[in-house]
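Hi there,

Here is the structure I promised to pass on to you. Please have a look at it first, and then read my notes below.

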Amino acid sequence: LVPNGVDVSRFTTAAGGAEARPVAGYAGAIDEWFDWQAVEAAARANPGCDFVLLGRIDNKNVLRLGDLPNVRLYGEIPYSAIPGY
């Protein structure tokens, strides 16, 4: 049971079409407990995949991920806008 999980029905339509790159996404708080080193390692090991992080960043170490060409840091966005990313 994941009480703060996601409403999967909001994500049934893929954006981007056939030419779109794979996306590994995360939406939620990004604080001291966030394993940014694991995201960095995954992004470096998978240059053909975009890593999209959505959420307020309270762990300033996470900001260095923005230096990687396949990582996008969007900050806090409205819940209703998440499927568009």
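**What I found**

Arg 72 is partly exposed because its relative accessibility is 31% (buried means under 20% relative accessible area, exposed over 50%, partly exposed in between, with a 1.4 Å probe and protein chains only). This is a predicted model, in which local features need pLDDT of at least 70 and side-chain atom pairs count only at pLDDT 80 or more, while totals for chains, interfaces and linings use all residues. Residues are numbered from 1 along each chain as its sequence is written, and side-chain values use heavy atoms, leaving out hydrogens and water.

You will find Arg 72 in strand 3 (residues 71–75); strands are DSSP runs of E with at least two residues, helices are runs of H or I with at least four, and both are numbered from the N terminus. Leaving aside neighbours within four places in sequence, Arg 72 is in contact (heavy atoms within 4.5 Å) with Asp 50, Phe 51, Val 52 and Leu 53.

Asp 50 belongs to strand 2 (residues 50–54), and at a relative accessible area of 15% Asp 50 is buried.

Now for helix 1 (residues 36–45), whose buried residues are Trp 36, Val 39 and Ala 43. These lie on the same side of helix 1 because they cover an arc of only 55 degrees around the axis (taken from the directions from the helix axis to the C-beta atoms). The exposed residues Arg 44 and Ala 45 sit on the face turned away from that buried side. Strand 2 and strand 3 are among what covers the buried residues of helix 1.

Happy exploring!
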